[in-house]
Amino acid sequence: KVDVVIQCGNKMWDIHPLIPIIEAAGGILSNWKNESAVKAGNILVSSNKKIHSKFLKILKPVSR
């Protein structure tokens, strides 16, 4: 089981096919600024909101 995936430099075609699959499985996706993952870029995928929030705090200093 994977709780977190952190990726940077994604293009739209990298992330768009995965969005409905991850959301249907109950996962949370956003960029590192907690904006929609649809725009691609630096992506954070988590298994739940609690973990997602923790990792957003960790990534805040490097998110631009």
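Start at serine 63: a polar atom of the serine 63 side chain lies 3.1 Å from the backbone oxygen of lysine 60. That pair is a polar contact, meaning N or O atoms within 3.5 Å; within protein, one must be able to donate a hydrogen and the other to accept it, and residues adjacent in sequence count only if both atoms are side-chain atoms. This is a predicted model, where local features need pLDDT of at least 70 and side-chain atom pairs count only at pLDDT 80 or more, while totals for chains, interfaces and linings use all residues. Residues are numbered from 1 along each chain as its sequence is written, and side-chain values use heavy atoms, with hydrogens and water left out.

**Around serine 63**
- You'll find serine 63 in the segment after α3.
- Serine 63 is buried, at a relative accessible area of 19% (buried is under 20%, exposed is over 50%, and partly exposed is in between, with a 1.4 Å probe and protein chains only).
- Once neighbours within four places in sequence are set aside, serine 63 is in contact with Trp32 and Lys33 (contact is heavy atoms within 4.5 Å).

**The chain as a whole**
- The protein chain has three helices and three strands; these are DSSP runs, with helices being H or I of at least four residues and strands E of at least two, numbered from the N terminus.
- Going along the sequence, the pattern reads β-α-α-β-β-α.
- The radius of gyration is 11 Å, which agrees with the value near 11 Å for a compact globule of 64 residues (taken over C-alpha atoms, with a globule rule of 2.2 Å times the number of residues to the power 0.38).
- Along the principal axes, the C-alpha atoms fill a box of roughly 30 × 25 × 20 Å.
- Of the 64 residues, 31% are buried.
- Take the contacts with a separation of 6 or more: 51% of them are between residues 24 or more positions apart.
- The accessible surface is about 4,500 Å², and 59% of that belongs to carbon and sulfur atoms (Shrake-Rupley method with a 1.4 Å probe; for residues, only the protein chains shown count as cover).

- Helix α3 covers residues 49-59, and its buried residues are Ile51, His52, Leu56 and Leu59.
- Down the axis of α3, those buried residues fall within an arc of 135°, so they line one face of the helix (the arc is that of the directions from the helix axis to the C-beta atoms).
- What do they pack against? The buried residues of α3 pack against β1 (4-10), β2 (28-31) and β3 (41-46).
- Asparagine 48 caps the N-terminal end of α3, with a side-chain oxygen 3.1 Å from the backbone nitrogen of lysine 50.

- Aspartate 14 sits in helix α1 (residues 12-15) and is partly exposed, with a relative accessible area of 35%.
- A polar atom of the aspartate 14 side chain lies 2.8 Å from the backbone nitrogen of lysine 11.
- Aspartate 14 and alanine 40 are 26 residues apart in sequence, yet 7.9 Å apart in space, C-alpha to C-alpha.
- Alanine 40 belongs to the loop between β2 and β3 and is buried, with a relative accessible area of 6%.
- Alanine 40 has a phi near 65°, a positive value in a residue other than glycine.
- Asparagine 34 also lies in the loop between β2 and β3, and its phi is near 65°, again positive in a residue other than glycine.
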